[in-house]
Amino acid sequence: MSTIDLDTEDGRREALRRMLTIRTFDETAGDLFADGEIPGFVHLYIGEEAVAVGACGALEEADYITSTHRGHGHCIAKGLDPRQMMAELLGSSEGYCNGKGGSMHIADVEANMLGANGIVGAGPPIATGAALRCHLKGEDRVALAFFGDGAVAQGQVHEALNLASSWTLPAVFVIENNQYGEGTPVEKQHHVESLSEQAEAYEIPGITVDGMDVTAVYEAVTEARRRALDGEGPTLIEAETYRYRGHFEGDPQVYREESEIEEWKERDPIPTFRDRLIDRGDLTDDEYDDLVAEVEETIDEAVAYARDAPMPEPDDAYEDMFAEPAPEIERFARQLQTDGGERGGEKR
Amino acid sequence: MSATTEQAAETMTYREAIRAALREEMEHDEDVFLMGEDVGVYGGVFEVTQGLRDEFGPERVRDTPISEAGFVGAGVGAAATGMRPVVEVMFSDFLGVPAEQLLNQMAKMRYMFGGKTDMSLTIRTTEGGGMGAASQHSGTMHTWFAHFPGIKVAAPGTPAAAKGLLKSAIRSDDPVMFFEDKMIYEQEGEVPTSEDFTIPLGEASVEREGADVTVVATQRLVDESLSTAEELSGDVSVEVIDPRSLYPLDTDAIVESVEKTGRLVIADESPLSYGTHAEIGMRAVEDAFYSIAEPIQRVGVPDTHVPFSPPLEDEVLPHGDDVRAAIERIV
């Protein structure tokens with residue numbers, strides 16, 4: 001059973017809820033960052049919600065995903081808890097990574113979410129390894145890598161595509177083409193018409209879909225997953241989408257015009273899908289308003305939870321380096337103390 | 001090898017000891033699998049994995065494309081999802097190719113995720129010069145990785161250490177980089193045959209006891225230092241320690257020895273600046289400053305690459321006679 005069944009009314013409403021949850025989460029994260037509550041920097045997924053929800057909706061819970069620096073959407077689509085996510089963004093010990101990861105490294109391995117990642121092309125080889133695990137164990141599960149158009153220029157992405165296709169692994173590769181690699185437009189980074197053409201080099205199917213349409217992404221990933229499980233190997237899917245915000249919050253965005261953003265917003269994945277559900281009788285206007293209110297409440301609760309959650313103790317910085325601790329860490333931590341440090345042994 | 005003297009043992013080469021460890025761990029745990037360039041049909045470019053594909057099949061002994069970033073990354077992903085991959089990178093000089101997956105993924109994943117994943121990945125690779133393989137196939141890279149937080153590093157100098165440490169590495173839930181010295185694959189030694197024989201990461205071995213000077217030697221230089229110690233016996237009593245693991249490092253064993261001898265020579269084939277020698281020496285200074293009677297001596301590669309032509313290569317590589325010269329400077 002896929003996580004979401006878009007052939008049912010409940011499934012379609014759930015897809016809408018998840019897209020709304022991602023958007024509300026990230027709008028809130030943007031506000032908290034602007035207010036200085038979130039340290040570091042954040043990359044928001046606003047505008048791209050249909051890709052994560054369509055793709056993760058087509059997966060089963062047992063399937064693995066790898067994510068990117070722009071990972072909040074993948075986390076929520078994969079079913080992670082917004083409270084623990086928000087706690088991680090605020091640096092709390094109650095966050096998914098006990099405050100050690102932050103926005104760019106949220107992971108929940110138990111939920112088969114193998115991590116957001118600060119290196120744009122690092123996810124595909126890792127997903128290939130997860131797919132290799134599924135293959136070696138003879139399990140009916142797949143691994144899906146999300147990565148951006150910018151990452152397609154990175155060598156390790158192609159090494160992963162080559163390995164997964166050479167070994168016919170149950171992997172799905174999803175390019176989120178949001179039109180910019182940081183501040184450089186996609187056409188200045190690649191010498192192909194569409195990024196899915198790269199699949200030809202590996203003799204695997206390559207397909208470009210409308211990444212503003214959750215159904216289109218869902219259908220493409222459903223077929224890719226079927227192929228993977230039937231032993232037909234990986235598929236490369238390019239989802240054409242758009243990020244409304246800058247590369248990171250605070251990005252002056254000198255590389256694009258406001259009018260371009262407005263044009264893409266006319267195809268916004270949330271209102272277009274909402275209208276479709278209303279047209280087909282899945283949802284009324286009132287029910288939509290209720291859904292929006294419920295999602296806002298969920299995110300408000302997440303913020304309240306995160307604000308109440310404790311910050312880590314400074315000494316927690318020395319935990320979690322290894323399963324079996326290395327004595328060096330304690331030794332050198334002690335040397336930072338005024339009364340610590342090695343004293344050269346016994347004086348003669 | 002005091003811990004193993006009561007165990008059944010047989011004479012085998014360094015290569016055979018590594019192969020035995022791989023075989024035993026593959027029999028012991030079906031989640032263990034091997035991958036790398038030509039590890040299967042070919043049996044490994046140094047023949048270490050010879051026969052294992054026939055024994056365990058092509059799924060568990062996987063020949064990869066020449067694609068280090070891809071297959072090391074796949075090792076990271078397989079380890080994060082509960083497997084125990086043993087990935088071979090043919091020469092340590094090639095570690096720059098998958099460096100991103102080693103440094104930003106393998107080494108950091110557990111910590112960044114708040115301790116919520118294991119990284120049961122072993123990377124086997126070869127280092128060392130002496131066969132005219134020139135600069136891109138002769139380097140000694142272990143210092144890079146021993147320096148980088150989140151990675152355990154083994155560089156054994158004897159067949160027994162190689163077997164015991166590789167088994168520990170494969171069973172470990174931490175990433176371990178296992179550096180094999182390609183010049184000692186034929187070296188023989190007594191190796192415990194029990195499947196239960198392991199050597200913990202971070203435990204040094206006193207290979208020869210002595211009273212006048214401590215030689216901390218790694219890899220090929222362990223055996224060469226033992227020969228030097230034998231040559232000097234009667235004049236100088238030399239203690240030889242193989243740290244076996246470089247991270248964690250058995251500081252206590254080194255310090256205990258230096259407190260006894262008052263003199264320290266560190267022999268390791270890595271380049272000298274900012275290196276393994278400096279770290280071992282500094283640990284001794286921190287813990288046994290007042291016991292050190294003479295300047296600490298370093299024996300290593302004088303910050304060059306390893307050249308091709310035999311007289312050039314021989315010039316820069318450290319040998320037993322360099323260890324002897326270092327001892328004679330301070331005794």
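Which strand of chain A holds the place of Asn177(A)? Strand 3 (residues 171–177) does. The model is predicted: local features need pLDDT of at least 70, side-chain atom pairs count only at pLDDT 80 or more, and totals for chains, interfaces and linings use all residues. Side-chain values use heavy atoms, without hydrogens and water.

**View 1. Asn177(A) in strand 3 of chain A.** Strands (E, at least two residues) and helices (H or I, at least four) are DSSP runs, numbered from the N terminus. Asn177(A) has 3% relative accessibility, so it counts as buried (under 20% relative accessible area; exposed is over 50%, partly exposed in between; 1.4 Å probe, protein chains only). Its side chain reaches the backbone nitrogen of Gln179(A) at 2.9 Å. Contacts (heavy atoms within 4.5 Å) of Asn177(A), not counting residues up to four places away in sequence, include Asp149(A), Val186(A), Leu195(A) and Glu238(A).

**View 2. Helix 8 (residues 220–232) of chain B.** The helix has 13 residues. From first C-alpha to last it reaches 19 Å, close to the 18 Å expected at 1.5 Å a residue (1.5 Å times one less than the number of residues). Its buried residues include Leu221(B), Val222(B), Ala229(B) and Leu232(B). The buried residues of helix 8 pack against several elements of chain B, among them strand 10 (213–217), strand 11 (238–242) and helix 12 (320–330). Just after helix 8, Gly234(B) takes a positive phi of about 105°.

**View 3. Thr284(A) in a loop of chain A.** The loop lies between helix 9 (269–279) and helix 10 (285–308). Thr284(A) counts as partly exposed because its relative accessibility is 40%. Thr284(A) and Tyr318(A) are 34 residues apart in sequence and 53 Å apart in space, C-alpha to C-alpha.

Notes
Residues numbered from 1 in each chain as written. Chains lettered and ligands numbered in written order. Polar contact = N/O pair within 3.5 Å; in protein donor to acceptor, adjacent residues only side chain to side chain.
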